[in-house]
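Good morning, and thank you for making time for this item.

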Amino acid sequence: MPTLFTKIVNGEIPSYKIVEDENFYAFLDINPNARGHTLCIPKKEEDKIFDLNEEMYLELMRFSRKVAKALEKTVSCKRVGIAVVGLEVPHVHVHLIPLNDMKEMTFQHKISMSESEFKALATKIQSNL
């Protein structure tokens with residue numbers, strides 16, 4: 001059965017897409033810790049990050065770095081944090097979280113954004129890729 005993220009990649013569930021290429025897809029987290037919280041995923045389903053073959057793992061990190069650099073240009077923050085937890089959805093995903101405070105990395109501090117705010121932010125990040 002396809003994961004939630006596979007359904008997003010396939011367009012079955014809408015997302016605020018930032019960028020995609022042949023192997024990866026980046027989109028805004030709809031339950032963000034901070035403005036700009038983005039998920040980077042491989043299009044191919046894999047449950048655990050360290051089960052990716054080495055080449056795919058390194059490519060995911062390169063892809064995530066590219067997205068993080070665009071986030072830094074778009075969202076005012078001290079730095080972009082990175083986390084790989086993977087308990088919520090059994091599909092590898094890298095969290096990129098613009099940070100100004102440690103609480104933004106706890107996954108217990110969430111913010112709300114409107115649909116228009118998500119769309120505008122996704123467009124702004126895309127322009128900085």
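The protein chain exposes about 7400 Å², and carbon and sulfur atoms supply 51% of that area. Please bear in mind that this is a predicted model.

Let me turn to overall form. The C-alpha atoms fill a box of roughly 35 × 30 × 30 Å along the principal axes. A compact globule of 129 residues would have a radius of gyration near 14 Å, and the chain agrees with this because its own value is 14 Å.

Next, the fold. The chain has three helices and five strands, and their order along the sequence is α-β-β-β-α-β-β-α. Among contacts between residues at least 6 apart in sequence, 58% join residues at least 24 apart.

Now to the interior. Of the 129 residues, 43% count as buried. The largest nonpolar core has 25 residues, and those with the most contacts inside it are Leu28, Cys40, Leu60 and Leu96. Which elements give two or more residues to this core? They are strands E1 (17-20), E2 (24-28) and E5 (94-99), together with helices H2 (54-74) and H3 (115-127). H2 provides the largest share, six residues.

Leaving aside residues up to four places away in sequence, Cys40 touches, among others, Tyr25, Leu60, Phe63, Val67, Val94 and Leu96. A second, separate core has eight residues, including Phe5, Tyr25, Ile41 and Val89.

Thank you for your attention.

How values were computed
Residues numbered from 1 in each chain as written. Predicted model: local features only at pLDDT ≥ 70, side-chain atom pairs only at ≥ 80, totals over all residues. Heavy atoms only, no water. Core = buried A, V, L, I, M, F, W, Y, C linked by side-chain atoms within 4.5 Å. Buried < 20%, exposed > 50% of the residue type's maximum accessible area, 1.4 Å probe, protein only. Helix = DSSP H or I, 4+ residues; strand = E, 2+ residues; numbered from the N terminus. Contact = heavy atoms within 4.5 Å. Rg over C-alpha atoms; globule rule 2.2 N^0.38 Å. Areas by Shrake-Rupley, 256 points an atom, 1.4 Å probe, with all protein chains shown as cover.
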